[in-house]
Amino acid sequence: MRMIAVEPVRILAPDVALTDGRYRQEGRTEAETRALWTTITLQRTPGGWKIAAIRNMLPAAPPAAKK
């Protein structure tokens, strides 16, 4: 099962919302498991809120410390 830990939802307009979330994509080994970030755009329709767009990202590693 995959679950997204949703951050607070931001209402951009009465019928448009934006949220971010973290989730893990489990691999066969720990080395293949990835921690990902997703951004979801939602649109309110007569049938309720629907996903209008979704973007998944692999966060970049932090830069190496300078010596």
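Visitor: How many salt bridges does the count come to?
Guide: The count comes to two salt bridges, where a salt bridge is a side-chain nitrogen of Lys or Arg within 4 Å of a carboxyl oxygen of Asp or Glu. This is a predicted model, in which local features need pLDDT of at least 70 and side-chain atom pairs count only at pLDDT 80 or more, while totals for chains, interfaces and linings use all residues. Residues are numbered from 1 along each chain as its sequence is written, and side-chain values use heavy atoms, with hydrogens and water left out.

Visitor: Which residue does Arg 22 pair with, then?
Guide: Arg 22 forms a salt bridge with Glu 7, and their closest N and O atoms are 3.9 Å apart. That pair links distant parts of the chain, since Arg 22 sits in strand S3 and Glu 7 in the loop between S1 and S2, 15 residues apart; strands here are DSSP runs of E with at least two residues, numbered from the N terminus.

Visitor: And what about Asp 20, which residue is its partner?
Guide: Asp 20 forms its salt bridge with Arg 10, with 3.5 Å between the closest N and O atoms. Asp 20 lies in strand S3 and Arg 10 in strand S2, so this pair ties together parts that are 10 residues apart in sequence.

Visitor: Is Asp 20 buried or exposed?
Guide: Asp 20 is buried, because its relative accessible area is 16%, and buried means under 20%, exposed over 50% and partly exposed in between, with a 1.4 Å probe and protein chains only.

Visitor: What else is Thr 19 in contact with?
Guide: Leaving aside neighbours within four places in sequence, Thr 19 is in contact with Val 6, Glu 7, Pro 8, Val 9, Thr 38, Thr 39, Ile 40 and Leu 42, contact meaning heavy atoms within 4.5 Å. Among them, Val 9 is placed in the loop between strand S1 (5-6) and strand S2 (10-13), and Val 9 is partly exposed at 45% relative accessible area.

Visitor: Which residue of S4 stands opposite Thr 19?
Guide: Ile 40 in S4 stands opposite Thr 19. Strand S3 (residues 16-25) and strand S4 (residues 34-45) pair in the antiparallel sense over 10 bridges, and pairing requires that DSSP finds at least two bridges between the strands.

Visitor: How does S4 pair with S5?
Guide: S4 and strand S5 (residues 48-57) pair in the antiparallel sense as well, over nine bridges, and a hairpin of two residues joins S4 to S5. Within this pairing, Leu 42 has Ile 51 in S5 as its bridge partner.

Visitor: What does Trp 49 touch?
Guide: Trp 49, which is found in strand S5, touches Pro 14, Asp 15, Val 16, Ala 17, Leu 42, Gln 43 and Arg 44, not counting residues up to four places away in sequence. Trp 49 counts as partly exposed because its relative accessibility is 36%.

Visitor: What separates Trp 49 from Lys 66?
Guide: Their C-alpha atoms are separated by 46 Å, with Trp 49 and Lys 66 being 17 residues apart along the chain.

How values were computed:
Helices (H or I, at least four residues) and strands (E, at least two) are DSSP runs, numbered from the N terminus.
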